[in-house]
Amino acid sequence: MPELRFFKRSKTNWTPVSYSADETANLFNVAAGDLIGLVIVRLRTAFNGTGGRTISLGDGAATTRFMTTATGDISQAAGTFIQGVGGGAGTDFLLIGRYLYTAADTVDVVFTAATGGSPTTGALDFYMWVAKVIP
């Protein structure tokens, strides 16, 4: 019986170019045949300022494919873990993976900056498990 082997990809200590401006940044390249499993974000350093301070995770076709801004609240304390929900396929599919790419793309973070105060700090760690389904 074939099995899927998921491998962790990570990007640690990610910071936005500016803490006071919204930004979309590439995190990971994905290829056709990559099956995305669990996606987790860890708040390494707390984001200061007030209002805003959210992220979403997705790709070129759907900026919230793995995490919406409602889930991606980064105004929490340092050390908090946030789990991405993943694609909306059937229940059986969700047991083995979140989304299967049929063409090359990138997984991106969409950062929404603080709307008040003087934002100057914040860093995130991203962890994504990927299995190669189609060589």
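Author: Helices (H or I, at least four residues) and strands (E, at least two) are DSSP runs, numbered from the N terminus. The model is predicted, and local features need pLDDT of at least 70, side-chain atom pairs 80 or more, while totals for chains, interfaces and linings use all residues. Residues count from 1 along each chain as its sequence is written, and side-chain values use heavy atoms, without hydrogens or water.

Reader: Where is Arg-53 found, then?

Author: Arg-53 lies in the loop between β3 and β4. Its phi is positive, about 55°, although Arg-53 is not a glycine.

Reader: And is Arg-53 buried or exposed?

Author: Arg-53 is buried (under 20% relative accessible area; exposed is over 50%, partly exposed in between, 1.4 Å probe, protein chains only). Its own relative accessible area is 14%.

Reader: What about the phi of Asn-13?

Author: The phi of Asn-13 is positive too, near 60°, and Asn-13 is not glycine either. Asn-13 sits in strand β1. With a relative accessible area of 44%, Asn-13 is partly exposed.

Reader: Switching to rings: how many aromatic pairs are there?

Author: Rings of Phe, Tyr and Trp (its six-membered ring) pair with centres within 6.5 Å; planes under 30 degrees apart are stacked, over 60 edge-to-face, the rest tilted. By that rule there are five aromatic pairs. One of them joins Trp-14 and Phe-111 edge-to-face, at 6.2 Å centre to centre with 65° between the planes.

Reader: Which parts of the chain does that pair link?

Author: Distant ones: Trp-14 belongs to strand β1 (residues 7-14) and Phe-111 to strand β7 (residues 105-112), 97 residues apart. Both Trp-14 and Phe-111 are buried.

Reader: Why is the pair of Tyr-19 and Phe-47 edge-to-face?

Author: Because the ring planes of Tyr-19 and Phe-47 stand at 65°, with the centres 6.1 Å apart. This pair also links distant parts of the chain, 28 residues apart: Tyr-19 is in the loop between β1 and β2 (23-30), and Phe-47 is in the loop between β3 (34-45) and β4 (54-58). Tyr-19 and Phe-47 are both buried.

Reader: Nice! Which residues do the ring pairs link into a cluster?

Author: The cluster takes in Trp-14, Tyr-19, Phe-47, Phe-111 and Phe-126.

Reader: Last topic: where is confidence lowest and highest?

Author: pLDDT is the predictor's confidence in each residue, from 0 to 100. Confidence is lowest in helix α1 (residues 91-96), with a mean of 43, and highest in β2, at 97. Over residues 87-95, pLDDT stays under 50. For the protein chain the mean pLDDT is 86, and 87% of its residues reach 70 or more.

Notes. Contact = heavy atoms within 4.5 Å.
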